[in-house]
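Biologist: I have a new model on my screen and would like to learn how to read it. Could you walk me through a few features?

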Amino acid sequence: MLTLCAVAAGTVAAALAQPALAQDAKDAPRRYRVALGPQVLPSYPGADGSRLRPLMDLDRARGDTPFPFEAPDESFGPGLLRTNGFEFGPAVGLDGRRTRGDTDDRLPRIRSAVEIGGFVNYQVAPAFRLRTEVRRGVRGHHGWISTIGADYVTRDADRWLFSLGPRVTLSDGRYNRTYFGISPADAVAAGLPAYRPGAGLQALGGTAGLIRQFTPHWGIYAYAKYDRLVDDVGRSPVLAAFGSRNQISGGAALTYTFGKGMR
């Protein structure tokens, strides 16, 4: 009986403590981490050259809770709903423009692209996360593109973090024809065979990221990404004449962490 009473008392105490713990977490001061530096990205999908662009990021956390993990190649978009290991939210992607000069004035230009969609994360284990994004172009192209990835994450709180994982990219025919197709009319002017790629697998690759804190305030952030264009996309005459099947990205940034309660 005493044991049962003790268990019951402990259960009641734990239940009463939960709101207090939640309130404590809610009232904990926020910390912010800002990253700023350069990165190189393919000039446009399928390009054989790169362009220098700013690398910027902003993370936030409460109290002593570590900053949440974000893969380096995630599209922009905050998590809006979390439940049972799942996280849902919007995703916004950007791609550079292809000028006529990029194809020796032989193919039409493509405006810089804006893609809007959503993402789903699933935390399989503390060190293993799955993620998929689905986006549709609203500028530059009007096709669909999806990325599927997995990340193994090892870390020591906020002192350092390393992530590594494979990537699979899928795209529909409309997307593929925009960047990798050649219409019969354009083929005559370009002196290339007409090409109409279909939907399916676009690329296989991987991404690695590193965060290292040197002082409570200062640290570094770096990443590298590689994709290999495959199937219909990889066989495109556009790549053979003006582009590359190898798509490489990377960047490095200085980070600064600040907030209430920091020493």
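This is a predicted model: local features need pLDDT of at least 70, side-chain atom pairs count only at pLDDT 80 or more; totals for chains, interfaces and linings use all residues.

Biologist: Where is Ala28 placed?

Modeller: Ala28 sits in the loop between α1 (2-27) and β1 (30-42).

Biologist: Is Ala28 buried or exposed?

Modeller: The general idea is a cut-off: buried means under 20% relative accessible area. Ala28 has 17% relative accessibility, so Ala28 counts as buried.

Biologist: Which residues is Ala28 in contact with, leaving aside its neighbours within four places in sequence?

Modeller: Those are Arg62 and Gly63.

Biologist: Now the strands. How many bridges join β5 to β6?

Modeller: Strands count as a pair when DSSP finds at least two bridges between them. Here, β5 (residues 113-125) and β6 (residues 128-139) are joined by 11 bridges and run antiparallel. To find your place in the pairing, look for Tyr122, which stands opposite Leu130 in β6. A hairpin of 2 residues links β5 to β6.

Biologist: And what is the sense of the pairing between β6 and β7?

Modeller: That pairing is antiparallel, with 9 bridges between β6 and strand β7 (residues 144-156). Phe128 has Tyr152 in β7 as its bridge partner.

Biologist: Which residue in the turn between β6 and β7 has a positive phi?

Modeller: Gly140, with a phi of about 90 degrees. The β6 and β7 hairpin has 4 residues between its strands.

Technical notes:
Residues are numbered from 1 along each chain as its sequence is written. Side-chain values use heavy atoms; hydrogens and water are left out. Buried means under 20% relative accessible area, exposed over 50%, partly exposed in between (1.4 Å probe, protein chains only). Contact means heavy atoms within 4.5 Å.
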